[in-house]
Each structure stands twice: as structure tokens, then as C-alpha cells.
Amino acid sequence: MQKRLWRPLVWLAVLGGAASVAAQQPAPQAPSALQVWNWDTVKHNFEMNNTTMLAGMLNIDELKAEEITSFLRPNPQLSLTVDGTQIAPNHGEWRPFAGTFESPGVSYLFERRNKRHLRLEVARQGTAIGVAQQADIERNLLFNLRDAFVGILQAKAVLRVAQDNLDYWDKVLKISRDRYQAGDIAQIDLDRLELQRLQYESDLQAALVNLRTTKINLLALLDDRRPVDSFDVDGPYDFSEDLLSLDDYRKDALDARPDLRAAVLSVQQAETSYKLAEANGSTDPTVSAWYTHNASTNNPLATHTLGVSVSVPLRIFDRNQGEKLRTKIDINRNQKLRQGVETQVYSDVDSAYAIVNSNIELLKPYKRQYLDQAVRVRDTVFFSYQHGGASLLDFLSAESDYRTVQLNYVNLVGAYLTAAAQMNLAVGREVVP
């Protein structure tokens with residue numbers, strides 16, 4: 001009777017333990033969802049992960065550390081003199097330390113003409129130049145990043161056009177096969193239509209490869225090793241007709257370009273370096289003080305003495321003439337470089353403006369009439385071809401024109417977005433969205 005009662009209890013315990021173990025096991029993870037990034041997300045990941053950007057930030061930290069070094073005071077000098085020790089017996093009595101005297105001393109160099117503050121100012125101006133140069137590096141890298149981002153959007157747009165063309169042609173083939181079965185068209189016409197599908201298949205495969213390649217390029221800029229298929233980008237793929245005047249972009253560039261700011265700061269640093277060279281040509285006195293314990297003095301009450309001295313170098317030959325001349329020439333050199341950078345800024349803005357404006361003028365008629373006309377001509381010729389009013393050659397020509405217009409428009413939008421990024425690069429900040 002007891003055995004019959006224990007067996008059900010044992011089975012219940014086993015089943016309960018198995019259920020508990022199964023509950024403790026983690027559930028299978030679902031595959032990670034596709035991450036879609038907009039431009040702000042891509043830019044944030046770039047600033048956080050790009051090794052060139054991170055290395056540049058460390059360089060700025062090094063420049064700030066040099067500011068500490070430049071403002072340090074000279075170290076005092078500690079000296080110890082021991083003299084008067086006997087090296088031979090005196091009247092048969094060996095007393096080697098009887099006449100020894102010790103003289104510890106300390107000296108300090110006093111810098112004149114504000115040398116420390118001038119060194120600090122030069123170092124701070126060097127840090128400001130480094131910050132501007134880092135911003136200029138970021139400006140160029142962001143253009144490369146934006147170009148890669150636009151490249152993905154363009155590749156996706158071309159892929160959509162290729163897929164739409166293939167889908168449309170498959171519908172044409174279905175209708176043409178039905179017409180062939182009904183005896184409405186000849187075998188040769190159907191063969192030519194089916195051979196034309198190879199072009200659209202080729203376009204689709206080329207678009208797929210191009211999209212994958214542009215994604216790889218973007219991940220390389222982000223220093224990201226995730227699989228290409230695990231992410232995508234999204235953003236507006238269109239153009240804007242709003243464009244400011246050229247003078248407005250020129251003024252913005254003069255205020256925003258970091259390389260021009262670095263050139264201006266370099267002139268200021270050269271002027272400060274010249275002041276420092278002038279100051280380094282002055283004399284700096286060294287003040288010394290010492291204490292002497294003289295055990296062999298004739299006066300037993302005067303064994304302790306103090307001394308002070310001032311040492312002033314005579315700047316007869318070396319008055320820092322070479323450094324003064326070099327820093328004075330360096331001022332003129334940096335002024336010439338600043339003028340060259342300013343000229344380059346105007347050239348960059350003018351070129352970018354011309355390209356953007358040209359792309360806008362080309363895109364306007366496409367959006368106003370060419371896209372609709374291409375669709376209307378293709379559909380009209382296809383309808384006429386179906387009813388015997390147009391030849392197969394006319395239909396193939398209309399379809400080819402439609403494909404060309406669509407691809408030209410997509411590529412022109414990509415060229416406009418690249419030119420807009422070029423304009424932002426030329427100005428130094430985002431002025432064309």
C-alpha cells in the first residue's frame with residue numbers, strides 16, 4: 001500500500017524538477033532587428049568611434065599639457081661645498097677633519113620681462129591652433145562621411161529604379177506571352193522582349209553590389225565591424241531650390257572655416273613668439289645665498305658665516321639675435337599663408353556654389369516635366385504597340401528613354417546632395433541641408 005502511494009509522488013517530483021530546469025533555461029534569442037540610421041546617428045557614431053578623430057583629441061590634450069610646462073618656474077639650485085680637510089698628520093697627531101668647513105648654498109634664477117607669461121601665451125595660442133586644425137580635420141572627414149552616406153541613399157534609389165523596371169518588364173512579358181498564345185505577336189517579337197529582360201536583371205545585380213560596397217565604405221569610416229546586412233541608412237533623397245546669394249556663403253565661410261581661423265591664430269602666435277624672443281635676449285640675474293661652518297677659524301666665536309651673491313650674465317655677443325630675426329620673419333610668413341588660405345576659401349565657396357546651382361538648374365526640368373513625360377510616352381507607346389499602332393522597336397526605344405530619364409534623375413539628385421556636402425565643406429558648417 002505504501003509503495004503504491006510513493007510512486008505517484010516520485011513521478012510528480014521528477015516532472016516538477018524537469019519543469020523547473022526548463023523554466024530556468026534562457027529562451028532562444030530572436031535575430032537582431034535591422035538598425036536604420038539617419039544622418040545624426042551616423043555622425044554621432046563617427047565622432048565616437050573614428051580613430052583619426054580620437055587621436056586628434058588626444059593631441060589637443062597633449063597641447064594643454066604643454067601649457068603646464070611652459071608656465072613652470074625655474075628650479076632653485078642646491079649646492080654643498082666641503083673643503084679644508086687635512087690629508088697629512090699635523091705634528092704627529094692625526095686629525096683629518098679638524099680644519100674641514102662645510103658650506104651649503106642655494107641659488108635661484110629670476111626671469112625678467114614677463115618671460116613665463118609670454119611662454120604660457122605662446123602655448124595657449126598653440127592649443128587654440130591645434131583645436132582649429134582638429135576642427136578642420138573633422139570638417140574634411142565629415143565630408144567623406146556625408147559622401148558615403150549620400151552614396152548609400154543614391155545606391156538605394158538606383159536599386160528601386162532597377163527593381164521597378166524589372167517588375168514592369170515582367171508584366172510586359174506576361175501580357176506579351178498571352179498575346180503570343182493568342183497569335184497576336186510573332187515568336188521573334190517575344191524573343192526580343194525576353195532578351196531585353198537581361199538588361200534589367202543586370203541593372204538590378206549591379207545596384208545590389210553597389211549598395212553593399214557603399215555600406216562597407218561607410219562602416220570603414222565609422223571603424224565599425226558589424227555585418228553589412230545588419231544596418232541601413234535612411235534620409236531625404238531630394239533637392240531644394242532654395243539657395244542664398246554667393247556673398248552670403250562667402251561671409252559665412254570667413255567666419256566658420258577652421259583652417260582660416262588656424263591661419264589667423266598662427267599670425268598671432270608668431271607675434272607673441274617675437275615678443276618672447278625679445279624678452280629672452282634680456283639678462284636674468286641669479287641670486288645665491290650660502291651658509292659656512294668653518295671649524296678652523298682663528299676666532300672661536302665666528303665659526304658660522306652667511307654669504308650672498310648676485311650673478312648677471314653679460315649679453316655682449318649672444319643677445320638672441322638669430323631667434324629675434326627668425327620670429328620676425330615668421331610673422332611675415334604666416335601673414336602670407338593667411339592670405340593664401342583666405343583666397344582658397346573664396347575659391348572653394350565659388351566652385352561649390354557653381355556646382356550646386358548647376359545641379360539645381362538641371363533638376364528643375366526633370367521634376368517639372370521630364371519624369372512625367374517619360375512615363376506618359378512609355379505607357380502611350382506600349383498601349384499603341386498592344387493595339388498594333390506602333391512597332392516593337394518604337395516600344396523598346398520608349399522604354400529605353402524612360403529608363404535613361406529615371407536613372408539620370410536619380411544620379412542628378414545624388415550629384416546635388418554631394419555638391420551640397422561640398423558647399424558645407426567649403427563654408428565650414430552646414431548651410432545647405
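1. Let's start with a term we will need: a residue counts as buried when its relative accessible area is under 20%, as exposed when that area is over 50%, and as partly exposed in between. Asn-320 has a relative accessibility of 17%, so Asn-320 counts as buried. Please keep in mind as you look around that this is a predicted model.

2. Where does Asn-320 sit in the chain? Asn-320 lies in the loop between β6, residues 304-311, and α8, residues 321-386. Its backbone deserves a look too: the phi of Asn-320 is positive, near 65 degrees, although the residue is not a glycine. As a general rule, most residues other than glycine have a negative phi.

3. You will find Arg-113 in the loop between β3 (101-109) and α4.

4. Now step back to the whole chain. Nine helices and six strands make up its list of elements. The chain has 433 residues, and 35% of them count as buried. Its accessible surface is about 26400 Å², with 56% of that belonging to carbon and sulfur atoms. Among contacts with a separation of 6 or more, 81% are between residues 24 or more positions apart.

5. Val-42 gives you one example of a contact across the sequence. This residue lies in helix α2. Its relative accessibility is 0%, which is under 20%, so Val-42 counts as buried. Leaving aside residues up to four places away in sequence, Val-42 touches Trp-37, Leu-145, Phe-149, Leu-218, Leu-222 and Val-233. Take Leu-145 from that list: 103 residues separate Val-42 and Leu-145 in sequence, yet their C-alpha atoms are 8.4 Å apart.

6. After α9 comes Gly-428, with a positive phi near 105 degrees.

7. Next, find the largest pocket, which holds about 330 Å³ of space. Its lining has 17 residues, and the closest to the centre are Arg-139, Leu-142, Asn-424, Arg-429 and Glu-430. Which helix gives the most to this lining? The answer is α4, with six residues. At least two lining residues come from each of α2 (39-49), α4 (115-181), α7 (258-280) and α9. By type, the lining of the largest pocket has eight nonpolar, two polar and seven charged residues.

8. The second largest pocket has a volume of about 230 Å³. Of its 15 lining residues, Arg-146, Gly-235, Pro-236, Leu-417 and Pro-433 lie nearest the centre. Helices α4 and α9 each supply at least two residues of this lining, and α4 has the largest share, with four. Here the lining residues divide into nine nonpolar, two polar and four charged.

Key. Residues are numbered from 1 along each chain as its sequence is written. This is a predicted model: local features need pLDDT of at least 70, side-chain atom pairs count only at pLDDT 80 or more; totals for chains, interfaces and linings use all residues. Side-chain values use heavy atoms; hydrogens and water are left out. Buried means under 20% relative accessible area, exposed over 50%, partly exposed in between (1.4 Å probe, protein chains only). Contact means heavy atoms within 4.5 Å. Accessible areas come from the Shrake-Rupley method with a 1.4 Å probe; for residues, only the protein chains shown count as cover. On a 1 Å grid over the protein atoms alone, a cavity is a set of points where a 1.4 Å probe fits but cannot get out, and a pocket is an open set with protein on both sides within 12 Å along at least five of seven lines; lining residues have an atom within 4 Å of a point. Grid points are joined across faces, edges and corners, and a volume is the space filled by probe spheres set on the points. Ala, Val, Leu, Ile, Met, Phe, Trp, Tyr, Cys and Pro count as nonpolar, Asp, Glu, Lys and Arg as charged, and the others, Gly among them, as polar.
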